[in-house]
Amino acid sequence: MARDPRYDILFEPVTIGPVTARNRFYQVPHCSGMGYRYPSAEAAMRATKAEGGWAVVSTQECEIHATTEVSPFTEARLWDDRDIPALARMADAVHRHGALAAIQLVHQGHDASNRYSREPAIAPMHRPVTTYDPFQARAMDKSDIRELRRWHRDAALRAKRAGFDLVYVYAGHDLALPMHFLSRRHNQRCDEYGGSLENRVRLLRELIEDTKEAVGDTCAVPIRLAVDELSGEAGITADGEGREIVEMLAELPDLWDVNVSDWSNDSLTSRFGEEGAQERYVAFVKQVTSKPVVGVGRFTSPDAMVSQIKRGVLDMIGAARPSIADPFLPRKIEEGRLEDIRECIGCNICTSGDITGVPIRCTQNPTMGEEWRKGWHPEEFAPKGSDDQVLIVGAGPAGLECARALGRRGYGVILAEADEELGGRVAAECRLPGLSAWGRVRDYRLQQLHQMPGVELFPASRLTPENVLEFGFPRVVLATGARWRKDGVGRQHNWPIAGSDQDHVVAPEAVIAGTQIAGPIVIYDDDHFYLGGVLAEKLRAEGHEVAIVTPAPQVSLWTSNTLEQGHIQRRLVALGVEIVTQRRLEAIGAGEAEFSCLVTGRRETRPAASIVLVTGRLPEETLYQELTAAPEALAEAGITSLTRIGDCLAPATIAAAVYAGHRYARELDTPDSEGAPFARELAALAPDSGLRVRKQPMASVDTDDRLAAQLADPAAPLNEYGAIRRVMICPAETAYGGQQRLDAVWQGEEFLGRPDFAEARKEYGRLAQVLAESGAEIDLFSDAAGLGISAIYIRDSSIVAPGGVIICRMRNAYRAAEPAALGAYYAAHGIPVLGAIEGEGLLEGGDFVWFDAETCAVADGYRTNAEGIRQLREILGSGVEVQAVPLPHDQGPGACLHLMSLISPLAADLALVYSRLMPVPFRNWLLARGIRLVEVADEEYGLTMGCNVLALAPRKCLAIEGSPITRARLEAAGCEVIAFKAEEISLKGGGGPTCLTRPLLRG
Ligand SMILES: Cc1cc2nc3c(=O)[nH]c(=O)nc-3n(C[C@H](O)[C@H](O)[C@H](O)COP(=O)(O)O)c2cc1C
Ligand code: SF4
């Protein structure tokens, strides 16, 4: 279907500094609970949104340094180069679908407790950290501010290298240092960073300027600013300092992403705010700047979005939750499929994932967070695996979603519901105060089901066991829900509460259904989520005297995970509901109830004409028990599986019920998974090998000193052919990690084929054996956690030079972290690091060849550039002649062409070469040095990385098997050739024996 022309405006491109967004849909930064810990899952989730049509897809908060560390929350992380590959994976994945990738750099100042890093937190002033941890943040002096700016700048440069198009400066949510500096209450400094607003804005201005200067040539630099903290004079206000800040910085950033603070006001749930609720605070921004403005407000309606643009409130529609509930929202508007939009219900189950330290989940979108680990795509389903028909009993959230997803797979489904009304608990609860948007859980699914010819709905059909058997469908799913207990059993009570059997004690269903009960009313809430508070609100609005009593220290305690606790408490207090905490209900009498204080044990009685018990639920499992009581009848009826899902299995959230329904449908007719029911991304483990290796960390300082001394020895030979005395390798088991990791990343790292892990280990074992047999002492580089699989090609990240090592800088973002990891290794082992290639410089070890201690050659190509060569010359000093060898374009920048793809020295007077790709002056230079050139056979060059052979000693080399002609030529030149199979570790990754090794000392 074509797009409605009314929405054309939403699909206009928007220029943001040096980049252009394809339309006006902008996924603002939001946490996912995956971040640095589950990078592939993170990348797949963001990629799905890019595929769904969002023009800009942002990360979550990305920590720039170890002094801003918020464990156990899992944000993104860019502390050093080793964090680049994980983020590059996301940026690449987003780019593959034509969207721009944005990253939100953050320093959280006193909001970071640094529990993991154990670094003292920093802040504008001395003060305790925001959490209740017994730590203080220390006041930043000028050098700290300089350091902060440097960290931010370095992180911006890393973000650029990771491939991001927009690099944020973040001053939002009262969660970031720049905002702490803006705030009068957090910043009472007396220097030029405190006092007047101009002074308080200084740091933010400097960070924007620094970021633009560092990456602004190719990356846009947006700012995220909270223009109102909704705390009146105590904070920033949109008609006060919020506006003044925007006026001061109006044209400096490339885009204004504006919202309100704190997070609970920004991600306001539907219970407390409507779509577009932030407009009155952010509307002024467009009048003050000519830069594009993004704003948020749980936008799911295209008409509301168009209105925001046409009325000049926003230029781009920012969305976190609408993009979580429906990653394909833009595509659906573009394709004229408005009825397919899965609208966010504003329940904030998504925030609960991050806050409780686990991957994101969503009530409406059961695939959220499961894109990678379960391979679930929100819009694509595998076709059915059999012609089995499915009978689903119960049309609550689990049953409806199960029917929808089965329908999408093409199964024939009958969905029977006992009630006249479909929707189960959602249908009932959406009538409660503030919860009307929850009805979307039902509405979306019914809308979809009505379009599916294979799914039939039967409301008002309470099925008996006989009915189920009569249907005779092979698959029966019970989604019969749960009911609240009336006996008070819950977290506090393992046995019924005394007196709970009286008539004035009611379960929540009665109140939800509107049964009139007498006041005063006590709601005893041992459930701690939303329902107790909502019922209190409803009953109070009906004019009753209401007290909500809970054993927890706060009312509706779990709603702190949905950012609602403060709002709920405020509303209940404003309505006049009495809140009593830390009390246990001991006994219920006629017209009163007895409680004990959980702290003192003191007993107290309060009047209660009615008591509502919100404590626990019982699954509706009668039908299940009746059916399973006669297994032979099930078999006779042809029922092959009887499965309970959702609340009727284990009562939980609506999100859990929807997930359970979806899962059943996805997994029907698929083989059971062994072990964990999803893919896991595991940290790479250090190898435990029987090789003659130096243990890590290096055991003896003497040994380190020995290597340092050997490297510093001016008489130490520097060449590529002397007998290898010591060599560093990164074994396949370390670099590749395992088959699962290989499967996930080989394409992203541009391997030519998917390596087989088991075979790779065998091949690597042979390589290590040859090295050991040749007399080399082997150092295992095992600090590969966070590195890509290309780390197996360890030669590329460092160069051995007179007196120490030089740290390289790689062209590809997925290898960016390798040099720093190697550098850290060298530093930790006392091996002098002479210098590192920095800034725009590129240099890879495979592009570098020593001929003797005064002479080397370095490629000038796609992987090593002029700036890298300049820095190399500077580090080596004037005592070394550096031959720059221009490389041909050959197969372009994507292919791996190194200098060592053209030459491998095998002795002082012998080298294996491929002259066809060699620049004439270099070839002549080799000949002039008296080096005899043995040519790789044309037909073997591409097949077996013919030129890339590792000299184990003069005229003794290791080559990949399969080059008989070249081998014969080498042998004719007096060489001993050891050939080994290297399909998985070399040919598939494009790195030969020289790439797999970093010789440290040669004889
Ligand atoms: C799960 C979740 C995580 C969030 N994490 C961040 C974050 O890392 N950085 C940020 O600036 N805002 C974050 N936010 C706030 C959103 O960017 C957004 O401003 C807010 O949710 C309002 O937009 P919405 O109504 O479209 O959801 C988060 C919101 C959600 C729902
Ligand atoms: S969990 Fe709730 S608030 Fe969050 S995106 Fe999903 S439906 Fe919206």
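Biologist: Welcome to this predicted model! Let us start with two helices: is the crossing of α14 and α23 left-handed or right-handed?

Modeller: α14 and α23 cross each other, and the handedness of that crossing has been computed. The α14 side of the contact includes Pro 397, Ala 398 and Glu 401, and the α23 side includes Ile 654, Ala 657 and Val 658. The crossing is right-handed.

Biologist: How are α14 and α23 oriented to each other, roughly parallel or roughly antiparallel?

Modeller: Helix α14 spans residues 397-409 and helix α23 residues 654-667, with their axes 7 Å apart. They pack at an angle of about 30°, and angles under 35 degrees count as roughly parallel. α14 and α23 are therefore roughly parallel.

Biologist: Thanks! How many residues of the contact of α14 with α23 are nonpolar?

Modeller: Among the residues that make this contact are Cys 402 and Leu 406 of α14 and Tyr 664 and Ala 665 of α23. The contact also has two polar and five charged residues. The nonpolar ones number ten.

Biologist: Now to α3 and α5: how far apart are their axes?

Modeller: Helix α3 (residues 142-162) packs with helix α5 (residues 197-215) at an angle of about 35°. In the contact, residues including Ile 145 and Leu 148 of α3 meet residues including Leu 203 and Glu 206 of α5. The axes are apart by 9 Å.

Biologist: And finally, which residue has a polar side-chain atom 2.5 Å from an oxygen atom of ligand 1?

Modeller: Of the 23 residues around ligand 1, those that come nearest include Pro 29 and Arg 321. Ser 267 places a polar side-chain atom 2.7 Å from an oxygen atom of the ligand, while for Arg 298 a polar backbone atom is 2.6 Å from one. The 2.5 Å distance belongs to Asp 266.

How values were computed
Residues numbered from 1 in each chain as written. Chains lettered and ligands numbered in written order. Predicted model: local features only at pLDDT ≥ 70, side-chain atom pairs only at ≥ 80, totals over all residues. Heavy atoms only, no water. Axes fitted to C-alpha atoms, helices over the stretch in contact; angles between N-to-C directions. Helix = DSSP H or I, 4+ residues; strand = E, 2+ residues; numbered from the N terminus. Parallel < 35°, antiparallel > 145°, perpendicular 65-115°, else oblique. Left-handed = near helix turned anticlockwise from the far one by under 90°. Contact = heavy atoms within 4.5 Å. Nonpolar A, V, L, I, M, F, W, Y, C, P; charged D, E, K, R; others polar. Near = heavy atom within 4 Å. Polar contact = N/O pair within 3.5 Å; in protein donor to acceptor, adjacent residues only side chain to side chain.
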